[in-house]
Structures are given as C-alpha cells and as structure tokens.
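The exercises below are meant to be worked through with the sequence and the model in view. Try each task before reading its solution.

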Amino acid sequence: MAAMRVIGLAGWSGAGKTTLLTRLIPVLCQRGLRVATVKHAHHAFDVDRPGKDSHRHREAGASEVVVSSSRRWVQIHEVADGAEATLADLLRRLSPCDLVVVEGFKREAHPKLEVFRAANGQPPLHPDDARIVAVASDVPFARAGVPVVALDAIAAIADTVLALAEPIEAVLDRLQDRRSDHGPAH
C-alpha cells in the first residue's frame, strides 16, 4: 500500500468485532503491513491502573499524561466534561502506517466491514448503511449488495479489507463534510 488507508469494523455488541480484529491484525502484519487501530468505547475507561504513577498524575489533575519507555509510549488526554474526540480528530493524531482499522464509530462516514453473527439476534446493519462496503458473517446474505465473506475466513477478510480500504484523505474529507452538515456523529 502506498498511502495510509482506512476501513472500519462495525456491528452490534457481541458480534465479535474485537475477536475478528485480533485474528486479522497478524495476517495483515504477515503481509508486511504496518497496522494501526482506533477503538471507540461507549463508557469511561482506563489504560492505567490505580497506584501507577500515570494514574496518580491524572487523579492529581493533570489534563494530559505521556508515559514513555524504550518499548512504547502512551498519551492519555483527559476531556472531563468536554467534547468527545471525533473520528477525524483521532485519525489525524495517528503516526504514518499502511492501514488503519477502526472498531466502532458505526455511524461515521468511513468505509466499514460489518461483522454479523446470527446468534446475536440483532438485524444486519448493511441494508441501512451505504458506507458498509462488505460483510463478514456466519450466515449467507444472498441479496446483500456488497461482498459477503465467511466470518472465519480470515485470509479472505484480509483480502476484502485491503481491497476496500480508502485513502485517509478521502475519509477525512467525507468526515469533515458530514460534520459540517450534520454535527458530530458517534
């Protein structure tokens, strides 16, 4: 891949998005790609634990904490009651890579692969979302109108993701246009 590209995984809670992503990332990496992920959480979350220095810094009132070592670094940015970061905001913060896989943000205007599991008892998303460009499912959808790949066919899902991911510039333009027309969408 020449330029940074973006695709999302969308689906109802319990559909297996995270499980699929943790199986997909190694396949993409084995193909020589540098992969980044962006995950939306619908609740408060912590990446540090009580008693750790970074947690103590945040609890003391730091609005931003950066923890760095020779192996990795992490930035924690507190928004308190402020506005939640948009997908565009988060994409702009990423370091260069080949592919960004977004988990969640199912209402945003980026290309998405729907993760569908029949046992969830939820309706499919793809009939009502034109930005769903493919479906990974445990049941067939004869009239899906988009490619449907078996949920356990990870190599085929990787092929589909790589074929349908869009350049980050196009995604950012679409996200910005939608935000200015309709306000933020999460």
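Buried means under 20% relative accessible area, exposed means over 50%, and partly exposed lies in between. The structure is a predicted model.

**Exercise 1.** Decide whether Arg-174 is buried, partly exposed or exposed, and find the network of salt bridges to which Arg-174 belongs.

*Solution.* Arg-174 has a relative accessibility of 23%, and therefore counts as partly exposed. Arg-174 forms a salt bridge with Glu-166, with the closest N and O atoms 2.6 Å apart. Glu-166 has a relative accessible area of 16% and is therefore buried. Glu-166 also pairs with Arg-131 in a salt bridge whose closest N and O atoms are 2.6 Å apart. Because Arg-131 lies in the loop between β6 and β7 while Glu-166 lies in strand β9 (residues 166-167), this pair ties together parts that are 35 residues apart in sequence.

**Exercise 2.** Describe how helix α1 and helix α4 cross, and say which residues make the contact.

*Solution.* The axes of α1 (residues 17-30) and α4 (residues 154-164) come within 9 Å and cross at roughly 75°. Because angles of 65 to 115 degrees count as roughly perpendicular, α1 is roughly perpendicular to α4. On the α1 side the contact is made by Leu-20, Arg-23, Leu-24, Val-27 and Leu-28, and on the α4 side by Ile-154, Ile-157, Ala-158, Val-161 and Leu-162. Sorted by class, this contact of α1 with α4 has 9 nonpolar residues, no polar residues and 1 charged residue.

Terms used:
Residues numbered from 1 in each chain as written. Predicted model: local features only at pLDDT ≥ 70, side-chain atom pairs only at ≥ 80, totals over all residues. Heavy atoms only, no water. Axes fitted to C-alpha atoms, helices over the stretch in contact; angles between N-to-C directions. Helix = DSSP H or I, 4+ residues; strand = E, 2+ residues; numbered from the N terminus. Parallel < 35°, antiparallel > 145°, perpendicular 65-115°, else oblique. Contact = heavy atoms within 4.5 Å. Nonpolar A, V, L, I, M, F, W, Y, C, P; charged D, E, K, R; others polar. Salt bridge = Lys/Arg side-chain N within 4 Å of Asp/Glu carboxyl O. Buried < 20%, exposed > 50% of the residue type's maximum accessible area, 1.4 Å probe, protein only.
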